[in-house]
Amino acid sequence: MYPLRRNRRLRANESIRSLVRETIITPNDFLVPLFVVEGKGVKEEIASMPNYYRFSLDLLEGEVKELWKLGLKSVLLFVKVPDNLKDNKGTEALNPNGLMQRAIKTVKNVCPDMLVMTDVALDPYSAYGHDGIVKNGMILNDDTADVLAEMSISHAKAGANFVAPSDMMDGRILTIREALEDEGFINTGIMSYSAKYASAFYGPFRDALDSAPVDMIDVPKDKKTYQMDYGNRIEAIRETEMDIDEGADIVMVKPGLCYLDIVREVKDAVDVPVAVYQVSGEYAMIKAASEKGWLNHDAVMMEQVTAIKRAGADVIASYFAKDVVKLIS
Ligand code: PBG
């Protein structure tokens, strides 16, 4: 009781604050998303994601080495697929010599200990910009899960340590897990996007991969029949528990900042590591506001990643990973 307790004593200076700080960000917290494109010598900035780039495989090598030197030891690969290779069922995703498969090998080649996670979903390969196969205005669930399982095997064969299904089809974790077991990939992990919400914050990512749903009759305009409704909370726990039962090693809540209540609830409910994806729109907001001089970039970046960790994230997938690590080292 006051004045016996004066809480400000623990805030008096940086030494005492750092001594009692509960949440500390380190390079080990981060999973780094990387965008890969075909070509040579390509490092193109993504318009809606300032200072974030798509790399061709030759330049990906240098980027990966730099990450490793900074202490960033896990990457999450995404590929931008040329339009002429897109169709409705992700045929190109299964190409053993496809861009993803070559990207996995490239990373493992330059940096064998780098943990490689791969995005598993149809949207970068889909002529319709959907995470699953489209038929009569609907997204087919079980047929899509079968393709995702084949994709996962293909990534595992190329050397991926973890596959990361980001599609939200029902039952796909079990389908993928059984396929991996059947093929002998008993050590390949699954990081499931288990509570992934239908969010407007994915806009810049869809620019990066040119993967937005197309505007055509009989093609759903959004992803609301598979990604979760942002009004829902209890459903996030059910989705997550089901994915764990089906064989997920790591579960994920996505996006980050608007969903930190969900992160805490999931963290308290489960006993596997919880990942949080601070998504492209969250990155873009900080970049835009700080370019205008309205927010202090580094300060809001640190505040947000710390909030994500404080909420319960064991793993943070973030486009800020490099910026953060440079700032704190
Ligand atoms: C698609 C996928 C998306 C993201 C990761 N995987 C976008 C979407 O669901 O449309 C978003 C990542 C981001 O916005 O940073 N499978």
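The questions and answers below concern a predicted model.

Q: Which backbone oxygen does the side chain of Lys196 reach?
A: Contacts of Lys196, leaving aside residues up to four places away in sequence, include Asp131, Met168, Tyr202 and Lys254. Ser166 is also one of the residues touched by Lys196. At 2.9 Å, the side chain of Lys196 reaches the backbone oxygen of Ser166.

Q: How many disulfides are there?
A: A disulfide requires a pair of cysteine sulfur atoms within 2.5 Å. Cys111 is buried, with 7% relative accessibility, and Cys258 is partly exposed at 48%. By the distance rule, the number of disulfides is 0.

Q: How many residues apart in sequence are the parts that the salt bridge between Glu38 and Arg102 ties together?
A: The closest N and O atoms of Glu38 and Arg102 are 2.6 Å apart, and the pair forms a salt bridge. Glu38 sits in the loop between strand 1 (30-37) and strand 2 (43-46), and Arg102 in helix 3 (residues 99-110), so the parts tied together are separated in sequence by 64 residues.

Q: Are Lys223 and Asp123 buried or exposed?
A: Lys223 and Asp123 form a salt bridge, with their closest N and O atoms 3.7 Å apart. Lys223 is in the loop between helix 6 (203-209) and helix 7 (234-246), while Asp123 is in the loop between strand 5 (115-120) and strand 6 (133-135), so the pair ties together parts 100 residues apart in sequence. Buried means under 20% relative accessible area. Both Lys223 and Asp123 are buried.

Q: What is the relative accessible area of Asp249?
A: Asp249 forms a salt bridge with Arg177, their closest N and O atoms being 2.7 Å apart. Arg177 lies in helix 5 (residues 172-182) and Asp249 in the loop between helix 7 and strand 10 (250-254), so this pair ties together parts 72 residues apart in sequence. Arg177 counts as buried at 14% relative accessibility. Asp249 is partly exposed, and its relative accessible area is 32%.

Q: Within what arc do the buried residues of helix 8 fall?
A: Helix 8 spans residues 260-269, and Leu260, Ile262, Val263 and Val266 are buried in it. Seen down the helix axis, the buried residues line one face of helix 8, because they fall within an arc of 150°.

Terms used: Residues are numbered from 1 along each chain as its sequence is written. This is a predicted model: local features need pLDDT of at least 70, side-chain atom pairs count only at pLDDT 80 or more; totals for chains, interfaces and linings use all residues. Side-chain values use heavy atoms; hydrogens and water are left out. A polar contact is a pair of N or O atoms within 3.5 Å; within protein, one must be able to donate a hydrogen and the other to accept it, and residues adjacent in sequence count only if both atoms are side-chain atoms. Contact means heavy atoms within 4.5 Å. Buried means under 20% relative accessible area, exposed over 50%, partly exposed in between (1.4 Å probe, protein chains only). A salt bridge is a side-chain nitrogen of Lys or Arg within 4 Å of a carboxyl oxygen of Asp or Glu. Helices (H or I, at least four residues) and strands (E, at least two) are DSSP runs, numbered from the N terminus. The arc is that of the directions from the helix axis to the C-beta atoms.
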